[in-house]
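Please keep the sequence and the model in view while reading.

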Amino acid sequence: MSYDEELSVKMVSRNLKKIKIMKYMYTLLVLVCCFFVVNSSALAVSGPTEQLKPTLKSLVDILLDPSLKGEAHKVERRAKIMGHVTKGFDFREMSQRVVGKEWKDLPQEKQDHFQALFTKLLENAYIGKFENYSGQEIQYTGERLKDDRAIVSTQIENNGQLMPVDYIMTKKEDRWMVYDINIEGVSLVRNYMEQFKSILRRDKFDGLVKLLEEKNSTLE
Amino acid sequence: MSKKRTTFLLFLALMAGSVWVAQANELSPDASLLIDEGGGNLDEFFVEEEAGDPLESMNRFFFEVNDRLYFWILKPVNTAYTTVVPLDFRQCFGNFFDNIASPIWVVNNLLQGKFAGAGIDLSRFLINSTVGVLGLGDPALQSFGIKPKPEDFGQTLGTWGVGEGPYLCLPLLGPSTLRDSVGFAGDALSHPIAYIDITYLDAVAYYTTNKVNLLSLHPGLYEDMKRYSLDPYISMRQVYLEYRRNKVLDRDGRKNILNEL
């Protein structure tokens with residue numbers, strides 16, 4: 001092989017290498033682009049705070065709506081609120097939690113009935129607290145994330161003092177849903193769970209349902 | 001003198017009992033919200049934990065007694081008090097009671113090694129006792145933005161690792177645990193008004209006025225709790241225990257946990 005020939009072979013192989021590198025670069029670029037596309041679509045599924053905000057916003061808007069104020073509009077107001085709240089609050093999960101291990105063995109219609117009763121009770125207990133709301137700002141003070149669970153901390157002024165309200169959320173099919181509310185560090189669902197535990201032991205599930213029905217009728 | 005010695009002995013006995021109970025009844029320190037609240041995995045969640053309430057029947061009895069006393073005495077008294085004394089005055093009295101108690105907070109902050117907290121409460125006490133006219137106002141908060149860091153002896157004992165012991169519903173005093181009862185006794189003995197020459201009756205009057213005033217600033221709390229619960233006794237127990245556990249772990253400042261992450 002002459003020197004010229006040798007040189008041209010070297011050149012070709014070098015060019016080939018260059019082309020190979022270019023190809024690599026190109027693939028990498030495509031991959032990076034793909035990653036960004038995927039990532040931005042992942043960003044479209046927003047975090048727990050962003051998903052909680054509109055739910056609480058609609059709650060607040062309805063409570064401030066002058067055409068819905070007062071005892072006369074209570075039923076209409078509550079219905080509207082619950083329409084929004086059920087999108088962001090997982091009452092199924094809450095019901096399951098307060099009943100405990102027995103839940104799995106209950107037939108579907110009993111589960112549904114219980115969920116309806118417990119939702120009604122929580123509606124009174126939780127929304128009742130906001131009933132005399134007069135436009136205080138809800139401050140979002142923080143967010144903690146761990147796997148598919150999150151705590152979103154808020155503060156709201158109540159009787160001149162800041163009341164911390166934490167929303168405990170879980171991710172269900174890309175949607176963050178509230179499954180417990182913590183007011184001043186005290187869990188609402190946990191509180192009912194403890195109460196129901198001894199009732200379930202004593203009166204069984206049907207007894208608990210009866211007690212819930214009675215309780216709800218006194219809150220009407 | 002002998003009265004004081006008896007109180008002290010009683011205090012010691014309670015303390016000893018509480019330490020003993022602490023070993024028997026360990027509080028899970030790992031009650032972090034996320035870990036505690038089982039979530040998706042049902043079996044993990046369905047582990048039943050018994051609340052430490054071996055004295056439930058006695059507690060329920062006193063809960064009933066307190067409930068009657070609330071509706072027969074406390075509520076009518078409170079209604080009258082609220083009508084006669086305007087809100088501004090009641091808030092001032094609230095400040096006054098808090099200010100007198102704040103040297104106890106300083107001591108308990110120190111006992112827990114929270115020197116910053118002790119400094120804050122001490123400066124609040126100095127500012128409010130002088131500029132705040134005997135503590136009736138709260139210029140420390142309003143003008144200087146210094147928030148109080150209340151710590152009581154029950155919390156101090158908790159920080160030292162003393163377990164809470166059995167839950168107690170005390171006549172007149174309401175929900176407590178063995179540890180917090182000891183704490184209450186300790187705080188009562190170290191309260192500044194205990195060093196003024198007063199009778200037990202005066203002390204009781206002071207305590208009652210404080211409580212009535214406090215209730216007047218947070219109306220309807222007890223009745224709401226009763227209204228929305230199926231078993232008010234358990235609801236109150238749960239609220240008390242959770243609230244106190246958070247206090248001992250300093251979870252009341254939500255920002256603390258967030259900063260730790």
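## The contact of α4 and α5 in chain A

In chain A, the axes of helix α4 (residues 91-99) and helix α5 (residues 108-130) come within 9 Å and cross at roughly 100°. Axes here are lines fitted to C-alpha atoms, for helices over the stretch in contact, and angles run from 0 to 180 degrees between N-to-C directions. On the α4(A) side the contact is made by F91(A), R92(A), M94(A), S95(A), V98(A) and V99(A), and on the α5(A) side by F114(A), Q115(A), F118(A) and T119(A); two residues are in contact if their C-beta atoms, placed from the backbone, lie within 7 Å. By class, this contact has 6 nonpolar, 3 polar and 1 charged residues, with Ala, Val, Leu, Ile, Met, Phe, Trp, Tyr, Cys and Pro counted as nonpolar, Asp, Glu, Lys and Arg as charged, and the others, Gly among them, as polar.

D112(A) also lies in helix α5 of chain A. With 13 C-beta neighbours inside 10 Å, D112(A) counts as partly exposed, since a residue is buried if 20 or more other C-beta atoms lie within 10 Å of its own, exposed if 12 or fewer, and partly exposed in between, with C-beta atoms placed from the backbone. Between D112(A) and S95(A), which are 17 residues apart in sequence, the C-alpha to C-alpha distance is 9.3 Å.

## Model, numbering and confidence

This is a predicted model, in which local features need pLDDT of at least 70 and side-chain atom pairs count only at pLDDT 80 or more, while totals for chains, interfaces and linings use all residues. Residues are numbered from 1 along each chain as its sequence is written, and chains are lettered from A and ligands numbered from 1 in the order in which they are written.

The mean pLDDT of chain A is 83, with 85% of its residues at 70 or more; pLDDT is the predictor's confidence in each residue, from 0 to 100. Among the elements of chain A, α4(A) has the highest mean pLDDT (93), whereas helix α1 (residues 3-44) has the lowest (64).

## The two chains

Chain A contains 6 helices and 5 strands, which run from the N terminus as α-α-α-α-α-β-β-β-β-β-α. Helices (H or I, at least four residues) and strands (E, at least two) are DSSP runs, numbered from the N terminus. Of the 220 residues of chain A, 25% count as buried, and residues 24 or more positions apart account for 49% of the contacts with a separation of 6 or more.

Chain B has 13 helices and 2 strands, and buried residues make up 29% of its 261 residues. Among contacts in chain B between residues at least 6 apart in sequence, 68% join residues at least 24 apart.

## Nonpolar cores

A nonpolar core is a set of buried Ala, Val, Leu, Ile, Met, Phe, Trp, Tyr and Cys residues joined through C-beta atoms within 7 Å. The largest such core has 29 residues, and those with the most contacts inside it are V98(A), F118(A), M169(A), V178(A) and Y179(A). At least two residues of this core come from each of α2 (48-64), α3 (74-88), α4, α5, β2 (149-158), β3 (161-172), β4 (175-183) and α6 (188-219) of chain A, and the largest share, 5 residues, comes from α6(A). A second, separate core of 14 residues includes F63(B), L178(B), M236(B) and V239(B).

Leaving aside residues up to four places away in sequence, M169(A) touches P48(A), R149(A), A150(A), V152(A), W176(A), M177(A), V178(A) and Y179(A).

## Two residues of α2 in chain A

Q51(A) is found in helix α2 of chain A and counts as buried, with 21 C-beta neighbours inside 10 Å. Beyond its neighbours within four places in sequence, Q51(A) is in contact with S46(A), G88(A), R175(A) and W176(A). K53(A) is also found in helix α2 of chain A, but K53(A) is partly exposed, with 16 other C-beta atoms within 10 Å.

Most residues other than glycine have a negative phi. V133(B), although not a glycine, has a positive phi of about 50°, and L134(B), also not a glycine, has a positive phi of about 55°. V133(B) is found in the loop between α6 (115-130) and α7 (139-142) of chain B, and L134(B) lies in the loop between α6 and α7 of chain B.
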